[in-house]
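Hello,

Here is the structure I promised to pass on to you. Have a look at it first, and then read on for what turned up in it.

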Amino acid sequence: MTTDSVTAVILAAGEGRRLAPLTNRRPKPMVPVANRPLLEHVVEAVTATAIDRIVLVVGYEQERIRNHFGDGDDWGVTIEYVEQTTQLGTGHAVLQAEPVVDGPFVVLNGDRIVEPSVVTQMRDRALDGDLPAMAVTSAATPREYGVVTLDGDRVTAIDEKPEGPVETNQINAGVYGLSTDVFDAIRETHATGELAITATLNELAADETLSAVRYDGRWLDVSNLWDLLTVNAGLIGESEALDPDGPTLGDSVTVADDVALAGNVRVGPNVTLGGSTSLGSNATVEAGAVVENAVVFPDAVIGAGAVVRDAIVAGNARIGPNATIAGGPATVVVGDAVHHGVELAGVVGDNAAVGAGSTLTDGAVVGDDVDADAGVVLDGRVESGAVVRRG
């Protein structure tokens, strides 16, 4: 080993359009799960290792990231920033780090949560010069990711979201160990449209050894809105309340074991907080409400007697008294794709107001700043800023 200095480069420039409306005001890596931004979980996977320098590649709504992480002092590391002014793919994002990286480095995605062990494995590969390398894990639905073809411990091909049948469940875990040689390789990559880092790695795999680092630990990916509920459930229990005084709970409140309550949360009497639920700072749940399997952002209000299940309620949104987001499998349309049997009863965007006694049909997505009257039925996608009146 010639050096013990390895930098972690975290890609956090993307917008995350499939997570709209939650990404209208914040970059995807800053969407909260278990009351902390996705990116904070990724940063802490790095800081739990021997790596003490992080480069964040930022772009869309980057001030949200810069203001939250600063220079890294709160995490005991040095954090520097480089800007990807136009989101032209993950390979292009990695290329932006070239001016500040002068040795081996580890690359991670800012919206994909892994354990520190895989970061350590990749760091060790970097120190040994066994590069390039990529982490490989298994998935129940490999066709949704980059399917990896292996020859022993060598990657021979990466097929992004293949349309036909696949013969393996091995996928790209999105953690890479690279040397500075990769920058020239990215520039020489032949690609149409966005330049993905996997396009470069595919070309390297054809010409030389691309090592596979096997990883079977926690791997939580957020591609769609409903993934937030899955990831939130997987992370609850690791987040501490932000306020040392804790939340304020009324009489006869039922709280499941797997509930995360941030600081200054106010919960009224006779409320039921079911499992896999997180309530962000300053959130309010009024008397008699039921909230279960839900991600509630800071400053949101759940009105008295409301039922909110399998749902996401964004910042400063208000769910009126006796409104209902009932829960259960739903059909959700994202772009041109129709997803059936999804566990997502509804999404309510930032600053939206859902009137008393209103109902969200399964899979409804209510945009930012929507103003909905009492007693209305909200179905499908309601565009941001819409006014919904009865009749």
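In this predicted model, the buried residues of helix α6 are covered by several elements, including α3, β10 (154-160), β11, α5 (181-187) and β12 (210-214). Which residues of α6 are the buried ones? They are Ile-197, Thr-198, Thr-200, Leu-201, Leu-204 and Ala-205. Looking down the axis of α6, you will find them within an arc of 150 degrees, so they line one face of the helix. On the face turned away from that buried side, α6 carries the exposed residues Ala-206 and Asp-207.

Helix α6 also comes up in the pockets. The largest pocket has a volume of about 1200 Å³. It is lined by 37 residues, and the closest to its centre are Arg-18, Lys-28, Thr-90, Asp-111 and Glu-194. Two or more lining residues come from each of β1 (7-12), α3 (90-95), β11 (170-178) and α6 (197-207). Sorted by class, the lining holds 14 nonpolar, twelve polar and eleven charged residues.

The second largest pocket holds about 560 Å³ of space. Of its 20 lining residues, Thr-141, Glu-144, Tyr-145, Ser-223 and Asn-224 are the closest to the centre. At least two lining residues each come from β13 (219-221), α7 (227-235) and β27 (337-343). Here the classes are nine nonpolar, five polar and six charged residues.

Next, the nonpolar cores. The largest one has 66 residues, and Leu-56, Phe-69 and Leu-108 have the most contacts inside it. If you set aside its neighbours within four places in sequence, Leu-108 is in contact with Ala-8, Val-9, Ile-10, Leu-11, Val-42, Val-46, Val-114, Val-119, Gly-174 and Val-175. There is also a second, separate core of 36 residues, with Leu-261, Val-271, Ala-352 and Val-388 among them.

Two single residues are worth a click. Is Thr-277 buried or exposed? Its relative accessibility is 0%, so Thr-277 counts as buried. You can find Thr-277 in strand β19 (residues 277-279). Not counting residues up to four places away in sequence, Thr-277 touches Asn-232, Ile-236, Asp-258, Val-259, Ala-260, Val-291, Glu-292, Asn-293 and Ala-294.

The other one is Pro-142, in the loop between β8 (133-138) and β9 (146-151). Although Pro-142 sits in a loop, it counts as buried because its relative accessibility is 9%, and the cut-off for buried is under 20%. Beyond its neighbours within four places in sequence, Pro-142 is in contact with Val-147, Val-166, Thr-168, Asn-169 and Ile-171.

Finally, some backbone details. A cis peptide bond, with omega about 10 degrees, joins Ala-20 and Pro-21, and Pro-21 lies in the loop between β1 and β2 (32-33). The bond from Leu-131 to Pro-132 is cis too, with omega near 0 degrees; Pro-132 is in the loop between α4 (116-128) and β8.

Where do you find a positive phi in a residue other than glycine? One of these is Lys-161, with phi near 45 degrees, in the loop between β10 and β11. Asp-369 has a positive phi of about 60 degrees and is found in the loop between β31 (364-366) and β32 (371-372). Lys-161 is partly exposed, at 43% relative accessible area, and Asp-369 also counts as partly exposed, at 35%.

Enjoy exploring!

Conventions. Residues numbered from 1 in each chain as written. Predicted model: local features only at pLDDT ≥ 70, side-chain atom pairs only at ≥ 80, totals over all residues. Heavy atoms only, no water. 1 Å grid on protein atoms, 1.4 Å probe; cavity = no way out; pocket = protein on both sides within 12 Å on 5 of 7 lines; lining within 4 Å. Points joined across faces, edges and corners; volume = space filled by probe spheres on them. Helix = DSSP H or I, 4+ residues; strand = E, 2+ residues; numbered from the N terminus. Nonpolar A, V, L, I, M, F, W, Y, C, P; charged D, E, K, R; others polar. Buried < 20%, exposed > 50% of the residue type's maximum accessible area, 1.4 Å probe, protein only. Arc of directions from axis to C-beta. Contact = heavy atoms within 4.5 Å. Core = buried A, V, L, I, M, F, W, Y, C linked by side-chain atoms within 4.5 Å.
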